[in-house]
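Student: Please pick one residue in this model and take me through its surroundings closely. After that, I'd like you to carry on to other parts of the chain in one connected answer.

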Amino acid sequence: MSNRSGVSRGDRNRNARLARLRAAVPVSNAIVGIDLAERKQMVVVCDHDSRVLARRTFRCKAWDLGAALDWAAGHAARRGFSGVTVSCEPTGHRWRILGQLATDRGMGFVCVQPTISSWARKSEDLTFDKTDDKDAVLIARLVGQLRCYLPEPVDETWGRLRHLGTRRAQLLEEHVACVQQLRDLLECVWPAVLTAAAQPFKSTTWVAALTVILRRDGGDLDRTRRLGAARFERLVRTEMVRRGKVRPCLRIVRKVYAALADRAGVLDHRAGALERAEWVLSDWDTARAQQVDVEIRMVTVLDQLDLTGLVTTIPGLSAVGAAAILAETGDLSRFTSARAVVKHAGLAPRERMSGTFTGKARLTGAGRPGLRTAAWRAVWGCLQTNKVYAARYRHLTTRETNKLKATQAQTIIAAAILRQLHAVVVHRQAWDPALAAGTTKTQGPLVAA
């Protein structure tokens with residue numbers, strides 16, 4: 001849609017983005033393209049037509065590239081440029097070091113997406129060559145065409161939240177891996193114990209009983225049976241208290257004790273598999289304890305940003321869930337619109353239209369997979385307690401025309417969470433269910449949280 005000026009909202013957003021990039025890459029600056037590696041750094045100085053003005057290989061670490069930037073600035077000044085703009089691909093951690101060195105010298109700094117470089121490399125000379133020399137020039141050429149972006153500004157608090165979010169994601173992966181290993185081991189050598197609870201790995205009683213069997217008796221089921229049901233129950237109660245619970249589910253305790261006599265499974269592997277299961281259980285306990293600690297720290301950082309009260313105005317979105325999303329996005333104010341956040345997550349629809357042809361819309365799938373995962377996890381809690389999202393989900397999955405599958409509707413809810421979280425954080429306004437449901441229009445500023 002366009003207004004009377006003939007310029008659409010998308011055109012205006014694109015023009016504004018190009019203006020910001022032009023301010024970082026002015027025509028009065030030479031472009032320094034750097035292909036980063038561990039000990040070999042290829043540096044080229046180019047003009048805006050990607051003509052190479054100087055080239056040099058520096059065999060040093062990234063932290064020693066200050067001399068390379070000074071060398072590039074000298075060559076640019078001799079060619080009549082008033083300054084330089086430094087550019088590279090944001091791979092690994094070295095680009096952050098380069099950004100710090102450029103900032104210390106008052107130089108502009110931009111990044112080129114590796115995906116853009118890969119596509120451009122194929123169209124460079126149709127040879128599909130990939131060398132450090134060519135890549136450095138290619139980076140400079142893409143910057144001259146403004147096919148680059150401004151990296152996130154460095155901020156200590158937001159940076160800490162990003163690292164905590166990364167650590168939490170690693171612990172969640174370890175948590176899932178431990179559960180899968182325990183399930184596989186027990187299913188092979190002692191399948192009866194898995195039937196003692198409907199969801200054994202979510203039952204604290206079941207986990208406490210398994211802990212008693214594996215850690216006290218080393219997986220010797222006959223030794224545990226000789227304890228008797230009453231003493232086994234007392235040991236499970238003690239383990240429950242150690243895990244922060246009050247009382248066990250006696251039905252599960254009795255079923256686990258009865259499973260001690262079951263002989264199903266690969267008995268020759270039972271002793272070794274249960275010994276291994278004890279180590280996996282220890283790893284699982286450690287991962288869960290560390291995850292709780294990391295989540296407490298993430299909420300503390302959210303408190304420092306004065307965002308905890310705001311983000312939790314969205315029913316169903318916990319402070320930890322919001323912190324996990326913000327750890328992937330960084331400061332949401334750097335996004336020009338809520339839709340940009342959805343694109344960053346890869347949840348935006350990809351249109352296929354040409355003339356009278358209209359193809360099936362699909363998700364782009366580009367962007368940050370971690371952000372997509374964090375938004376997806378937030379959906380489950382919101383659908384349970386958020387009436388607006390629950391009503392939207394029911395409408396999408398039950399309407400007569402264009403009825404969506406459950407997964408498609410959940411994806412739409414995930415995108416809605418990102419858009420509305422952007423509005424809440426950027427405008428510092430509490431979540432309004434009427435506005436979220438689209439039943440009213442904004443008549444004035446919302447009441448601040």
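**A close look at Asp47**

Tutor: Happy to! Leaving aside residues up to four places away in sequence, Asp47 touches Ile31, Leu53 and Phe81. Please keep in mind that this is a predicted model. Asp47 sits in the loop between β2 (41-46) and β3 (52-58). Its relative accessibility is 8%, below the 20% cut-off, so Asp47 counts as buried. The side chain of Asp47 reaches the backbone nitrogen of Asp49 at 3.0 Å. A contact between side chains, at 2.7 Å, joins Asp47 to Arg51. To put the picture together, Asp47 is a loop residue with a polar contact to the side chain of Arg51, and its neighbours also include Leu53 and Phe81.

Ser117 belongs to α4 (residues 114-124), and with a relative accessible area of 1% it is buried. Once residues up to four places away in sequence are left out, Ser117 touches Glu89, Val112, Leu138 and Leu142. Gly99 is also a helix residue, found in α3 (residues 94-104). Its relative accessible area is 10%, so Gly99 is buried.

Asp306 lies in the loop between α11 and α12 (308-311). Its phi is near 60°, a positive value in a residue other than glycine. At 57% relative accessibility, over the 50% cut-off, Asp306 counts as exposed. Asn402 is in the loop between α16 (387-398) and α17 (406-427). For Asn402, phi is near 55°, again positive in a residue other than glycine, and a relative accessible area of 57% makes Asn402 exposed.

Let's finish with helix packing. Two packed helices are described by the angle between their axes and the distance between the axes. For helix α6 (residues 156-189) and helix α11 (residues 270-304), the angle is about 160° and the axes are 8 Å apart. That angle is over 145 degrees, so α6 and α11 are roughly antiparallel to each other. Their crossing is left-handed. By class, the contact of α6 with α11 has 20 nonpolar, seven polar and 10 charged residues.

Helix α7 (residues 204-216) and helix α9 (residues 229-242) give a second pair: their axes come within 9 Å and cross at roughly 110°. α7 is therefore roughly perpendicular to α9, and α7 passes α9 in a right-handed crossing. On the α7 side, the residues that meet α9 include Thr204, Ala208, Val212 and Arg216. Among those they meet in α9 are Phe232, Leu235, Val236 and Met240. By class, the contact of α7 with α9 has eight nonpolar, three polar and five charged residues.

Definitions and conventions
Residues are numbered from 1 along each chain as its sequence is written. This is a predicted model: local features need pLDDT of at least 70, side-chain atom pairs count only at pLDDT 80 or more; totals for chains, interfaces and linings use all residues. Side-chain values use heavy atoms; hydrogens and water are left out. Axes are lines fitted to C-alpha atoms, for helices over the stretch in contact, and angles run from 0 to 180 degrees between N-to-C directions. Helices (H or I, at least four residues) and strands (E, at least two) are DSSP runs, numbered from the N terminus. Angles under 35 degrees count as roughly parallel, over 145 as roughly antiparallel, 65 to 115 as roughly perpendicular and the rest as oblique. A crossing is left-handed if the near helix is turned anticlockwise from the far one by less than a right angle, and right-handed if clockwise. Ala, Val, Leu, Ile, Met, Phe, Trp, Tyr, Cys and Pro count as nonpolar, Asp, Glu, Lys and Arg as charged, and the others, Gly among them, as polar. Buried means under 20% relative accessible area, exposed over 50%, partly exposed in between (1.4 Å probe, protein chains only). A polar contact is a pair of N or O atoms within 3.5 Å; within protein, one must be able to donate a hydrogen and the other to accept it, and residues adjacent in sequence count only if both atoms are side-chain atoms. Contact means heavy atoms within 4.5 Å.
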